[in-house]
Amino acid sequence: MSLAMTAMIDITDARKTFTMHLQGGIELPVVRGVTFHVDPGECVVLSGPSGAGKSSILKMIFGNYRCDSGRIGIRHRGALIDLAVAEPRQVLNVRRVTIGYVSQFLRAVPRVATIDVVAEPLIVNGLARPEAQARAGALLHRLNIPERLWQLPPATFSGGEQQRVNIARGFISDLPILLLDEPTASLDAANRTVAVELIAEKKRQGVAMVAIVHDDEIRHLIADRIVDVTSFAAAA
Amino acid sequence: MAELDTLESDQPLLVAESLSKSFGRIAACREVSFALYPGEVLAIVGESGSGKSTLLQMLSGQLTPSAGRVSYRMRDGVARDLTTLGEAERRFLFRTDWGYVHQDPAQGLRMAVSAGANVGERLMAVGWNHYGRIRDTASDWLMRVEIDVARIDDAPRTYSGGMRQRLQIARNLVTEPRLVFMDEPTGGLDVSVQARLLDLLRSLVAELHLAVIIVTHDLAVARLLSHRVMVMKGGRVIETGLTDQVLDDPREPYTQLLVSSILPP
């Protein structure tokens, strides 16, 4: 059991089905038998065609989707907890100090300045605002968001700019687990390179990552291991 | 990090145990139980007639339950059953440690006295008596809820709907309550005014580490403000959990219906 001793994420036999009550109660199997682990400093890329359940698995690890059965083991403050049965308060706590989620789209917070959107994850973990903003600024610089935009809310930015703000917000914290859902989808070559560098730095810091990336080149650059999701396909 | 540790280890602020209320033969609320922790925002959603307003009234001690009980941990750390509180103690709670934001600001404000007095009154009720300090604090709070301080001597009846609601919030928060009840706080407002109010509420709740119980039929309000939701139907809680989990992965037929009825943003 040396695996379970060190893994940051340890998923065993997780299963997810949607029951669509408004469509006559039809059952929509998503995944079953999901079993894999992720060690510190490792980036596992989920592969498989769209609709295979890759995003659903990320959402199950984040506690956003519930599991029908199985366990989602997460190392949280040194102890392994099962997120599949955790209390809401515990899930929120895990999200604050253990798991970050970088989605494809920024869920825009109206009226909040970009610099504060990026600095927020540090502030909620107790860092002083000036220091948090300094780190946010450094990251926005690296991701080529011009300083004149920092005081504006990101809602009015282009898709690519919003995604870079989103990446900055996701990568700023020191969380030991990161889930990446297509983090580079609408970036140009220069910013893709920055994103790949950021992922490499997280690995060196021992962060465990699970990623979905469709770009073969990026996948090749970041993946330590590939988990083929088609093997978890839930046959109806 | 101190805040996080208290979040994990703290005692609940309010505990509801098997709360039920019947009006004659009609069961308005059946067997509702939950615990609310400091800094936690709980949304109670459901359509009219689901029992959510009855529940809110019992939780805030305004309605006596037919069965079950509500206990609240006072500032001295002792949990007290609400029904055992005397009328004076209950009123004191309402003036200090609790806030109550009504859907209609006219119910929570005194419409004929000045905005400054509306806010200052809560401070005087807890023993403040220095006019200058009361006025300064009232001005601060008007600014925090984005009301022009030049309007401090105007009565809220001269205010717009959105301003009235923000004034009601200032009046409630000035005594630094630990728990605020909100009954459809964005109910009667225009959509653009709603967005601004929600945004303001969101930041104030986080900054002041408030516990909130908010009744709403609007799932967008629940998503933006709450950590946890309880979905009510026919007086019962039919589904409960983390807000994004219940809204993104609803399990019960009725919750799926509610979620599918939201227009895409």
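Mentor: Happy to! One definition before we start: two residues are in contact if their C-beta atoms, placed from the backbone, lie within 7 Å. With that cut-off, residues 24 or more positions apart account for 65% of the contacts in chain B with a separation of 6 or more. Please keep in mind that this is a predicted model.

As for the fold, chain B has 11 helices and 10 strands. Its radius of gyration is 19 Å, which agrees with the value near 18 Å that a compact globule of 265 residues would have. Along the principal axes, the C-alpha atoms of chain B fill a box of roughly 55 × 45 × 45 Å, and 43% of the 265 residues in the chain are buried.

Now to confidence. The average pLDDT of chain B is 91, and 95% of its residues score at least 70. Over residues 1-8 of chain B, however, the pLDDT is below 50, and this stretch has 8 contacts in the model beyond near neighbours in sequence. Where pLDDT is low, the predicted coordinates should not be read in detail.

That brings us to the partner. In the model, 20 residues of chain B are in contact with 16 residues of chain A. On the chain B side, at least two residues each come from helix H1 (2-9), helix H8 (191-208), strand E10 (236-242), helix H10 (243-248) and helix H11 (253-260). By class, that side has 8 nonpolar, 5 polar and 7 charged residues. For the complex, the predictor gives an ipTM of 0.90 and a pTM of 0.91.

Notes: Residues numbered from 1 in each chain as written. Chains lettered and ligands numbered in written order. Predicted model: local features only at pLDDT ≥ 70, side-chain atom pairs only at ≥ 80, totals over all residues. pLDDT = per-residue confidence, 0-100. Helix = DSSP H or I, 4+ residues; strand = E, 2+ residues; numbered from the N terminus. Nonpolar A, V, L, I, M, F, W, Y, C, P; charged D, E, K, R; others polar. Rg over C-alpha atoms; globule rule 2.2 N^0.38 Å. Buried ≥ 20, exposed ≤ 12 C-beta atoms within 10 Å, placed from the backbone.
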